[in-house]
Amino acid sequence: MGENLLGIDIKARIFQAVKDGIKVYEQECGKETRFGEPLIGYANTSEVIFDMFYDHDLCKLPRKIYNPARALIIYFLPYTQDVVESNMEGKEPSKKWIQAYHDSMWAMMKINASITKEISKFGRLVSLCNVPTDWDLKKCGPEWNYKLAAHVCGLGDFGPNGCIMTEVGPAGRFGGVLTDINLVPDRDFGFGHTESRAHTPEMDAEFLRIMAASRYEGFDAFCSGELISVCPAGAISETGIDRRKCQEYCKTLNKFVPTPDVCGKCYLVK
């Protein structure tokens, strides 16, 4: 259900803004990649699970990025089937997959501009969550983590290397913005009334589950033979994924943002 603002379904307007941004990308950017029907999700910036991620140094707190923010809007741009199939062949990531990764940067810029324009019509505020090169080489991850945010927004659960398994699969890119509009969240973790915020047995169990599902080494992770064999970096063993090896390989594909997204081989193993 959308949130009414002055009698207007603001969620419906935001979703249309995402689609309008994709159209602008297709018309103006001259890039070859096209995307499937987008997904969108919402979370309250005070959702306690953000504290859990923050305490484990996995993600900045939304309100530390933009203090007035009350809601987080996350969208997913699915890659088309031809891009997905191209990356299921061979040992190295396909040219189509790598091109889609780079082209999605342009698409997200247009989408963010479209969302900002729409929300500004109501005199409300919008902020970006990060910049494209926001990557921490020491912890082998982004300072702001869209995948964790997408999980909070109800867009999916975790899979290999921290990818998010959405209803249309893991292949694609996440983007989003923060706003001071109070929007109804799409997921309730049931942690909202805890006094100790990120430190309860239930939240500790949830954190360990996420780490194991993401195949982090040292978190009771198990990787299949297929998952091990598909990694061009040799970063995957039975007990998990060596993030540093993964990062070093991905730096050969994108030296500024060496994320597993730019390779994506392990994402496509079921």
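Author: A residue is called buried here when its relative accessible area is under 20%. The model is a predicted one, and with that in mind we can begin with helix H7 (201-213). By that cut-off, the buried residues of H7 are Met 203, Glu 206, Phe 207, Ile 210, Met 211 and Ala 213. As for its length, H7 is built from 13 residues and spans 18 Å from its first C-alpha to its last, which is close to the 18 Å expected at 1.5 Å a residue. After the helix comes Arg 215, a residue with a positive phi, near 65 degrees.

From H7 we can turn to the open spaces. The largest pocket holds about 960 Å³ of space. It is lined by 44 residues, and those closest to its centre are Trp 135, Pro 142, Trp 144, Tyr 146 and Thr 259. H7 is one of the elements that give two or more residues to this lining, and the others are helix H5 (95-120), strand S7 (141-142), helix H6 (146-152) and strand S10 (172-179). The largest share, six residues, is that of H5.

Around it stand 14 lining residues, with Val 84, Gly 169, Pro 170, Leu 268 and Lys 270 the closest to its centre. Its lining divides into 11 nonpolar residues, two polar ones and one charged.

Cavities are the next topic. Across the whole structure, a search finds three of them with a volume of 30 Å³ or more. The largest cavity contains about 90 Å³ of space, and of the 14 residues that line it, Asn 161, Cys 231, Cys 246, Cys 263 and Cys 266 lie nearest its centre. In this lining, 11 residues are nonpolar, two are polar and one is charged. The element that gives the most to the lining of the largest cavity is helix H9 (residues 243-250), with three residues.

The buried residues of H9 are Arg 243, Cys 246, Gln 247, Tyr 249 and Cys 250. Seen down the axis, they fall within an arc of 160 degrees, and so they line one face of H9. Among the elements that cover these buried residues are strand S6 (135-136), S7 and strand S12 (240-241). S7 was also named above, as one of the elements that give two or more residues to the lining of the largest pocket.

In the segment after H9 we find Leu 253. Leu 253 counts as partly exposed because its relative accessible area is 22%, whereas a buried residue would be under 20%. Leaving aside residues up to four places away in sequence, Leu 253 touches Pro 93, Ile 98, His 102, Val 262 and Cys 263. Of these, Cys 263 is also among the residues nearest the centre of the largest cavity. Between Leu 253 and Trp 144, which are 109 residues apart along the chain, the C-alpha atoms are separated by 21 Å.

Methods:
Residues are numbered from 1 along each chain as its sequence is written. This is a predicted model: local features need pLDDT of at least 70, side-chain atom pairs count only at pLDDT 80 or more; totals for chains, interfaces and linings use all residues. Side-chain values use heavy atoms; hydrogens and water are left out. On a 1 Å grid over the protein atoms alone, a cavity is a set of points where a 1.4 Å probe fits but cannot get out, and a pocket is an open set with protein on both sides within 12 Å along at least five of seven lines; lining residues have an atom within 4 Å of a point. Grid points are joined across faces, edges and corners, and a volume is the space filled by probe spheres set on the points. Helices (H or I, at least four residues) and strands (E, at least two) are DSSP runs, numbered from the N terminus. Ala, Val, Leu, Ile, Met, Phe, Trp, Tyr, Cys and Pro count as nonpolar, Asp, Glu, Lys and Arg as charged, and the others, Gly among them, as polar. The expected span of a helix is 1.5 Å times one less than its number of residues. Buried means under 20% relative accessible area, exposed over 50%, partly exposed in between (1.4 Å probe, protein chains only). Contact means heavy atoms within 4.5 Å. The arc is that of the directions from the helix axis to the C-beta atoms.
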